[in-house]
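Please find below a short note on the structure under review.

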Amino acid sequence: MQERPPSYQPGGYGVVGFHAGTPFARLTSFAVAPDKRGQGLGRSLLAALEKAAADHGCRGMRLEVRADNSAAIALYTAAGYRCFSTYPDYYEDGMAALRLEKLLGPGH
């Protein structure tokens, strides 16, 4: 295993869950470091996670996002996600969550 330089910080990460009995993958966590935003890293990372879901046999991906997180909502919308539901009072501070989904086509 190659050691990373002491100053190494990942630019972003994403976690996708796969559950038996559903054709949808679930994006459970996704973040891009503040100093890496606006460089296309989020779009690239999201596309890679979608490809992993499609390669796993999923026909779509779903996620929840804070209703006031306009940057994340813009990223997901530009990537083809649509809102299909809302969870009111989802977060500890009472903020609602938008439930988004995207169908993953062949060759994705």
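The points below run from the basis of the model to its overall build and then to individual residues.

1. Basis. This is a predicted model, in which local features need pLDDT of at least 70, side-chain atom pairs count only at pLDDT 80 or more, and totals for chains, interfaces and linings use all residues. Residues are numbered from 1 along each chain as its sequence is written, and side-chain values use heavy atoms, with hydrogens and water left out.

2. Secondary structure. The protein has two helices and five strands; helices (H or I, at least four residues) and strands (E, at least two) are DSSP runs numbered from the N terminus. Read from the N terminus, the order of elements is β-β-α-β-α-β-β.

3. Dimensions and contacts. Along the principal axes, the C-alpha atoms fill a box of roughly 45 × 35 × 25 Å. Among contacts (heavy atoms within 4.5 Å) with a separation of 6 or more, 54% are between residues 24 or more positions apart.

4. Surface and burial. The accessible surface is about 7100 Å², and carbon and sulfur atoms contribute 53% of that area; accessible areas come from the Shrake-Rupley method with a 1.4 Å probe, and for residues only the protein chains shown count as cover. Of the 108 residues, 31% count as buried. Buried means under 20% relative accessible area, exposed over 50%, and partly exposed in between (1.4 Å probe, protein chains only).

5. Charges. The protein carries 12 positive and 10 negative charges, whose mean positions are 7 Å apart. Lys and Arg count as positive and Asp and Glu as negative, while His and the chain ends are not counted; each charge is placed at NZ of Lys, CZ of Arg, CG of Asp or CD of Glu.

6. K102. This residue is found in strand β5 (residues 97-103). K102 is buried, because its relative accessible area is 13%. The side chain of K102 makes a polar contact with the side chain of E50 at 3.2 Å (a pair of N or O atoms within 3.5 Å; within protein, one must be able to donate a hydrogen and the other to accept it, and residues adjacent in sequence count only if both atoms are side-chain atoms).

7. T28. Strand β2 (residues 24-32) contains T28. With a relative accessible area of 45%, T28 is partly exposed. T28 and L75 lie 47 residues apart in sequence, and their C-alpha atoms are 16 Å apart in space.

8. Cysteines. Zero disulfides are found in the whole structure, a disulfide being a pair of cysteine sulfur atoms within 2.5 Å. C58 is buried at 10% relative accessibility, whereas C83 is partly exposed at 41%.
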